[in-house]
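I open these entries to keep track of what I looked up, starting with terms and then going through salt bridges, sheets and helix packing.

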Amino acid sequence: MHLYEKLSALGPLSKATFAKLMTLGSTVQLSKHDFWSRPGDAVKHFGIVQSGLVRHYYVDAKGRESVKAFRGPGEFSAPYAELIQKHPSRTFIQALMPTELLVFEVAKFDALAEDSLELQTLARRFVELHFVNKEQREYEFLQLSAEERYRHFCDERPEYLSHIPQHQVASYIGITPVALSRIRARATKKQR
């Protein structure tokens, strides 16, 4: 789906406003494993994934990774909390395959949105969508078993499965790679 259709599905967006918005965007190409954000970076931009796939993750003091999110085409990508709080990034954002981002400087977007109810609505809808996704993730961790979380992830993101290493899937659903291997083995037995 074209970006205009994806954005206008979130709220009314005229082609004229979309065209103004596109004048602010610049394209960033990432190769597989390239970083778009690292801890300590200033957060002054947000991106919309045009193609490809990125993961958002943290690394603790012992070097263990915790996958926070995966973002694909049409989805917003930025260290979101840090963006709002105007703090340096604490999030790694890394391409899992060749990826193209449409990147906007927050200050320029805000200046354009100041006189545009359409862009204010679009920004609010992105925030609402982000909140709903966070609530869903919280629900899954509190109410679903690891196996149910894995099945839900596979059902929701089947196009990502061939691009995401299993240890990252395990981290995302909050289990060890060994536990994920057991879940996958049980699923394979059930399919026979």
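Entry 1, terms. I take helices as DSSP runs of H or I with at least four residues, numbered from the N terminus. The model is a predicted one.

I searched the whole structure and got 8 salt bridges. I began with Arg151 and Glu147, whose side chains meet at 3.7 Å, N to O. Both sit in helix α6, and because they are 4 residues apart there, about one helical turn separates them. I then looked up accessibility. Arg151 has a relative accessible area of 43% and is partly exposed. Glu147 has 18%, and since buried means under 20%, Glu147 is buried.

Glu147 turned up again in a salt bridge with Arg186, at 3.4 Å, N to O. Here Glu147 is in helix α6 and Arg186 in helix α8, so the pair ties together parts 39 residues apart in sequence. I noted Arg186 as partly exposed, at 39% relative accessibility. I also logged a network in which Arg124, Arg125 and Glu128 are joined by salt bridges that share partners.

Which parts of the chain does the pair Glu75 and Arg157 link? The side chains meet in a salt bridge at 3.0 Å, N to O. Glu75 lies in the loop between β5 (65-71) and β6, and Arg157 in the loop between α6 (146-156) and α7; the two residues are 82 apart, in distant parts of the chain. Arg157 counts as buried, at 19% relative accessibility.

Entry 4, sheet with β1. I traced an open sheet of 4 strands in the order β1-β8-β3-β6, with antiparallel pairing. Strand β3 (residues 45-51) is joined to β6 by 2 bridges, and the two run antiparallel. I found Gly47 opposite Ser77 of β6. Helix α2 (residues 15-24) packs on this sheet, touching β1 and β8 (99-105), and its direction makes about 100 degrees with that of β8. Helix α4 (residues 106-113) also packs on the sheet; it touches β3 and β8, at about 60 degrees to the direction of β8.

I traced another open sheet of 4 strands, ordered β2-β7-β4-β5 and paired antiparallel. Its edge strands are β2 (35-37) and β5, each pairing on one side only. Direction ignored, neighbouring strands here are turned by 30 degrees against each other on average. Between β2 and strand β7 (residues 92-95), which run antiparallel, I have 2 bridges. Ser37 has Ile93 in β7 as its bridge partner. α7 lies across β4 (54-59) and β5, at about 95 degrees to β5.

For packed helices, I need the angle between the axes and the distance between them. The axes of α7 (residues 166-173) and α8 (residues 177-191) come within 9 Å and cross at roughly 100 degrees. With 65 to 115 degrees counted as roughly perpendicular, that makes α7 roughly perpendicular to α8. I listed the contact as Gln166, His167, Val169, Ala170 and Ile173 of α7 with Pro177, Leu180 and Arg184 of α8. By class, the α7 contact with α8 has 5 nonpolar, 2 polar and 1 charged residues.

Key. Residues are numbered from 1 along each chain as its sequence is written. This is a predicted model: local features need pLDDT of at least 70, side-chain atom pairs count only at pLDDT 80 or more; totals for chains, interfaces and linings use all residues. Side-chain values use heavy atoms; hydrogens and water are left out. Axes are lines fitted to C-alpha atoms, for helices over the stretch in contact, and angles run from 0 to 180 degrees between N-to-C directions. Angles under 35 degrees count as roughly parallel, over 145 as roughly antiparallel, 65 to 115 as roughly perpendicular and the rest as oblique. Contact means heavy atoms within 4.5 Å. Ala, Val, Leu, Ile, Met, Phe, Trp, Tyr, Cys and Pro count as nonpolar, Asp, Glu, Lys and Arg as charged, and the others, Gly among them, as polar. Two strands pair if DSSP finds at least two bridges between them. A salt bridge is a side-chain nitrogen of Lys or Arg within 4 Å of a carboxyl oxygen of Asp or Glu. Buried means under 20% relative accessible area, exposed over 50%, partly exposed in between (1.4 Å probe, protein chains only).
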